[in-house]
Amino acid sequence: MTRIRFHQSLEDLKENLLVMAGLAEQAIQRAIEAYRVRDMSICDLVTRSEVAINRMERDIDQAALDLLAMEQPMASDLRFILSVIRINADLERVGDAAKSISDRVRQMDQLPLAELPVDIPRMATLAEEMVRKSLQSFIEANADLARSVLTMDDAVDAMNRSAYKNLTRVMEEQSHLAPQALSALMISRSLERVADHATNIAEDVIFWVQGKDVRHHNSVIAKQNAAQTPGPPTGAA
Amino acid sequence: MGVSIEVTNLNAWYGTNHTLQEINLNIPANHATALIGPSGCGKSTFVRCLNRMHETNPIARVTGSVKMGEIDIYAGAKPVSIRRRVGMVFQRPNPFPTMSIYDNVASGLKLNGYSNRRVLDETVEQSLKKSALWDEVKDDLRKKSGASLSGGQQQRLCIARALAVDPEVLLMDEPASALDPVSTSKIEDLIFELKSQYTIVIVTHNMQQAARVAEKTGFFLNGRLVEFDSTHKIFTNPSDKRTEDYITGRFG
């Protein structure tokens, strides 16, 4: 075994990314909890965690850049560092999505409660499961587990399209509920984005473990599916 | 122009030590091919088999076939005629120290019986231009000795000397490992320029160098060729775990 310091640095990088992942995962859970119970103190926690997530994003990027510059990594080490840089960016955006959800929850809190035709907690459960599985696949370097995440994205996309259809109808037919419907729609969109980021993370794990670039392979099918049901454009996975 | 090299069932021994075992590979013409591997893995022995230098050691032995273009260099060809087709550059620049720059480059031609002054002048100039040394030495060709040049210049002089006899193949055994980074870059740029005209085989311990200059890379270990593939594949996603472990520094 040689290059002991370098390989220790890779372990450190992985650990730091997992800390970042924990913060991002927690931020989404809290944002959804805030939505469920309309608790603004939880929204404050989400806002505060975003600062920590942003700081970690910079630190992890810097550490990865240093390793690229100083160690000239090869093969799986090179793919690992490239994947860490990409996953890092995705996790930061998961944090952004959590913040966006909590901002919408604050707005909704100022409005009368409304019964809306959208199941945000169910959608959140699925998106969170995708994030959890993608991160587990990263921890285990498990490409099969990562692939299982890719197949889940369609379900979240379908939920988002359905939310769009139902909530725009509310806006048209019950205009007094339009502000609440719009906020719910934005939350649905944020969760769809979270699922996309989980998909990206899973694709990066496959790239790291197997050296295969599986990005955008299903984009044509996804576009065809999206075209069949009216709704907002889905984010690229 | 360069020729392809087809190596089939190549084995080499130093005494009883079986240093190369069943090597099979095709080195493409007019490309740079890098050979990597830990010390003692057989990569230098391998290149020495490509110009029949291995057998110059009395206890050394070679079996198998090395086809250079249409000719099997181990089937009746004279070693001297092979070495005229295959130039070699070593780790440490080895110009003839007392000879002028001009005579260093012209030495191979003179040995081969060329004496026409105009031909010699032209070949020396062309060879020094090809090795990117001409502009630095053109005013001192006969005044300065080969040994008076810097290490990097000496290595380019040796490359010019190898090119002067118009070879088809250029073997380079760690040609930049004794040079500073600027001289190393010049040698690498040179390899890049020369590979359109010659078949280049470069042994290197510097994996970044292999990645920069070669289209194909072979990984040797314990006298065997473990993997031979495009350089891109070897350095981003090698097929064999031993290659992966070596290039990521997990052994070696």
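1. An open sheet in chain B has six strands in the order S6-S7-S8-S3-S9-S10, with mixed pairing. Strands are DSSP runs of E of at least two residues, helices are runs of H or I of at least four, and both are numbered from the N terminus. Two strands pair if DSSP finds at least two bridges between them. Strand S6 (86-89) and strand S10 (224-230) of chain B are the edges, each pairing on one side only. The twist averages 15 degrees from one strand to the next.

2. This is a predicted model: local features need pLDDT of at least 70, side-chain atom pairs count only at pLDDT 80 or more, and totals for chains, interfaces and linings use all residues. Residues are numbered from 1 along each chain as its sequence is written, while chains are lettered from A and ligands numbered from 1 in the order in which they are written.

3. Look next at one strand pair. Strand S7 (residues 169-173) and strand S8 (residues 199-203) of chain B run parallel, joined by five bridges. B:Val169 stands opposite B:Thr199 in S8(B). Helix H6 (residues 151-164) of chain B packs on the sheet and touches S6 and S7 of chain B. Its direction makes about 170 degrees with that of S6(B). Such angles run from 0 to 180 degrees between N-to-C directions, with axes fitted to C-alpha atoms, for helices over the stretch in contact. Contact means C-beta atoms, placed from the backbone, within 7 Å.

4. Chain B has 10 helices and 10 strands. Its C-alpha atoms fill a box of roughly 55 × 40 × 30 Å along the principal axes. Of its 252 residues, 44% count as buried. Buried means 20 or more other C-beta atoms within 10 Å of the residue's own; 12 or fewer is exposed, and in between is partly exposed, with C-beta atoms placed from the backbone.

5. How many residues does each chain give to the contact? Chain B gives 13 residues and chain A gives 11 residues. On the side of chain B that touches chain A, helix H8 (207-213), helix H9 (231-236) and helix H10 (241-247) of chain B each give two or more residues.

6. A:Asp109 lies in helix H3 (residues 75-109) of chain A. Is A:Asp109 buried or partly exposed? A:Asp109 is partly exposed, because 15 other C-beta atoms lie within 10 Å. Leaving out residues up to four places away in sequence, A:Asp109 touches A:Arg38 and A:Met40.

Key
Two residues are in contact if their C-beta atoms, placed from the backbone, lie within 7 Å.
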